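Have the model open while you read.

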Amino acid sequence: MGSAISLRSDFDGAKLRLLARQTRNADQARRLLALASIYDGGSRGDAARLGSVTVQIVRDWVARFNDRGPDGLINGKAPGKPSLLNDQQRAALAQAVERGPTPYLDGVVRWRLWPSGFGKSSASQ
């Protein structure tokens, strides 16, 4: 069993409750209130029940809070899928689109953007 990570010393329960009242982010407010209960002498299990999460998630919140302060308790944007094309390939694609199709090679006289899923149903095949 691992040892508990201690909370930052530059905050206290009252300060976190104040920040929870001021934020417009409900998830951040819930996390701040859970951590405030730890500052006030509550257990990590109490904080987990207050935040409706597991003790492991409270530990993750403590680590994020220690690293980045209250802003670390705001959900960040997921990085998403990495691009399949590198910068050189994207530039070449942009040039090809700007140049337009070659009718005898591409079989069309202009590029057209169809709505997603258009013509791709299994019934049409």
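1. Start with α1 against α2: G13, L16, R17, L19 and A20 of α1 touch A29, L32, L33, L35, A36 and Y39 of α2, contact being heavy atoms within 4.5 Å. By class, that contact holds 9 nonpolar residues, 1 polar and 1 charged (Ala, Val, Leu, Ile, Met, Phe, Trp, Tyr, Cys and Pro count as nonpolar, Asp, Glu, Lys and Arg as charged, the others, Gly among them, as polar).

2. A word on provenance: this is a predicted model, where local features need pLDDT of at least 70 and side-chain atom pairs count only at pLDDT 80 or more, while totals for chains, interfaces and linings use all residues. Residues are numbered from 1 along each chain as its sequence is written, and side-chain values use heavy atoms, with hydrogens and water left out.

3. Axes are lines fitted to C-alpha atoms, for helices over the stretch in contact, with angles from 0 to 180 degrees between N-to-C directions. Helices here are DSSP runs (H or I, at least four residues), numbered from the N terminus.

4. Next, α2 and α3: their axes come within 8 Å and cross at roughly 155°, so this pair is roughly antiparallel too. R30, L33, A34, S37 and I38 of α2 make the contact with R44, A47, L50 and G51 of α3.

5. From α3, R44, G45, A47, A48 and G51 meet V55, V58, W61 and V62 of α4. I get 6 nonpolar, 2 polar and 1 charged for that contact.

6. Which residues of α3 are buried? In this helix (residues 44-51) they are G45, A47, A48 and G51, with buried meaning under 20% relative accessible area (1.4 Å probe, protein chains only). They lie on the same side of α3 because they cover an arc of only 160° around the axis, taken from the directions from the helix axis to the C-beta atoms. What they pack against is α2 (26-39) and α4 (55-68).

7. Last, have a look at S52: this residue follows α3 and has a positive phi, near 55°.

Terms used
Buried means under 20% relative accessible area, exposed over 50%, partly exposed in between (1.4 Å probe, protein chains only). Helices (H or I, at least four residues) and strands (E, at least two) are DSSP runs, numbered from the N terminus. Angles under 35 degrees count as roughly parallel, over 145 as roughly antiparallel, 65 to 115 as roughly perpendicular and the rest as oblique.
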